[in-house]
Amino acid sequence: MRMRVSGLFLLLQITGIFGLHAVSGYIRPPPRETLFVQHADQDDSPQQVHISQVGQNKMRISWITDSSSPAKVTYDLSTSANASSATGNTSSYGYLLYKSGEIHDVVIGPLNPNTVYYYRLGDPPSSQIYNFKTPPCQLPIKFAVVGDLGQTDWTRSTLDHVSKSNYDMLLLPGDLAYADTQQHLWDSYGRLVEPLASQRPWMVTQGNHEVEKIPLLHQTPFTAYNARWRMPFEESGSYSNLYYSLDVAGVHVIMLGSYTDFDPSSPQYKWLQNDLGKVNRATTPWVVVLIHAPWYNTNTAHQGESESIDMKASMEDLIYQARVDVVFAGHVHAYERFTRVYKDKVNDCAPMHITIGDGGNREGLATKYIDPKPTTSIFREASFGHGTLEVFNESSARWTWHRNDDDEVIVSDYVWLTSLSSNPSCK
């Protein structure tokens, strides 16, 4: 049974109970109305389809049905070929008075790289034929990067721009649906992103809006996030869906959890230390990290938060010593690009930090910045948009930020990067 809990949500917002941090001196612009996307079909057809990479040559297909249905995927290189098939698991969850649909999770493969596959869901298979393209197994590769996506008209514009970028994989550093305990908004979000998320792998990590923990009423955090967006954490030796890593082409991508323990005695810290120690820069010359709460930020929004300050104090040395190339963050609803920086100083062997929390959420933009701008901050602007990271070879990549203005794609910021693994002075 699905029921709205709008009144409860309003009360929780007023009391600030699930960590929508208020910052003294910062006035957020008025919110924009949240969209609600209905299920297009009246029958019990698959919905909220999204895919994610598992290991080097497999893909996880996830979808939801309103009633019981086999977790089975049939797939092949054409719509008319004799299809391969795989079966998986079905689960569901409850949250207050809400009961989710049947959440299906099937891993298929092995798959060929850089190849289009066609697939159908259920048994017997649904009439709807989906398709996806696997990422390449070697460089070049193109990532779309977007944070704090939400589901508003701004979100629609961002998704439209992303769809035209011909990306291989999307990386999302937290704050997906902005459901904030209203579980029907998770369903709406899944329908909104399905056209893109069913065709290219979406690799995500969690933000503060995924916590959804309510004292006394619902004490388990990340219930909906973990049930709906299962990532390949086991394959990277992680014990938590909140942090994991993967290799794609020549890039090692690390997703960290800003809202789970990160101190040096924590499982996440020890896992990160071990994961970084296993990276082979000969085969994966690029290393990219995603977090939600930025470690570097000159916006007046979200200053002084533990998730930024304490996580940076705990983990920045690990990131720096491993010669991570780029750190992407969300949380702040604006765009900002820093130079390569370590311990608040310019450092040519440190990662470049980029805040990309401007996907289109309902809370509006964070328009106020701290002045004067420090020398470590290169470009900052409060506009909605998305970014692309094109990694061309073992040494060269280009980062581009696309601003959404008047529904037109505007390239507002870009920079060429040289991998630290190819810099002799950073060995």
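Before you start clicking, note that the model is predicted: local features need pLDDT of at least 70, side-chain atom pairs count only at pLDDT 80 or more, and totals for chains, interfaces and linings use all residues. Residues are numbered from 1 along each chain as its sequence is written, and side-chain values use heavy atoms, with hydrogens and water left out.

**Stop 1: helix H6**

Helices here are DSSP runs of H or I with at least four residues, strands are runs of E with at least two, and both are numbered from the N terminus.

Now centre on Met315, where H6 has a kink of about 50 degrees. The bend is the angle between axes fitted to the seven residues ending at a residue and the seven starting there.

Next, show the side chains of Met311, Met315, Leu318 and Ile319, which are among the buried residues of H6. Buried means under 20% relative accessible area, exposed means over 50%, and partly exposed is in between (1.4 Å probe, protein chains only). What covers the buried residues? Select helix H5 (267-277) and strands S16 (286-290), S17 (326-329) and S18 (335-342), which are included in the cover. Contact here means heavy atoms within 4.5 Å.

Step just past the end of H6 to Arg323, which takes a positive phi of about 60 degrees.

**Stop 2**

The structure holds 14 salt bridges, each a side-chain nitrogen of Lys or Arg within 4 Å of a carboxyl oxygen of Asp or Glu. Pick Asp317 and Lys343, whose side chains meet at 3.4 Å, N to O. Asp317 lies in H6 and Lys343 in the loop between S18 and strand S19 (345-346), so the pair ties together parts that are 26 residues apart in sequence. Asp317 is partly exposed at 30% relative accessibility, and Lys343 is partly exposed at 46%.

**Stop 3: a buried pair**

Move to Asp168 and Lys133, which form a salt bridge at 3.0 Å, N to O. Are these two buried or exposed? Both are buried.

**Stop 4: Lys72 and Asp123**

Finish with Lys72 and Asp123, joined by a salt bridge at 3.9 Å, N to O. Lys72 sits in strand S3 (residues 72-76) and Asp123 in the loop between strands S9 (116-121) and S10 (130-133), so this pair links parts that are 51 residues apart in sequence.
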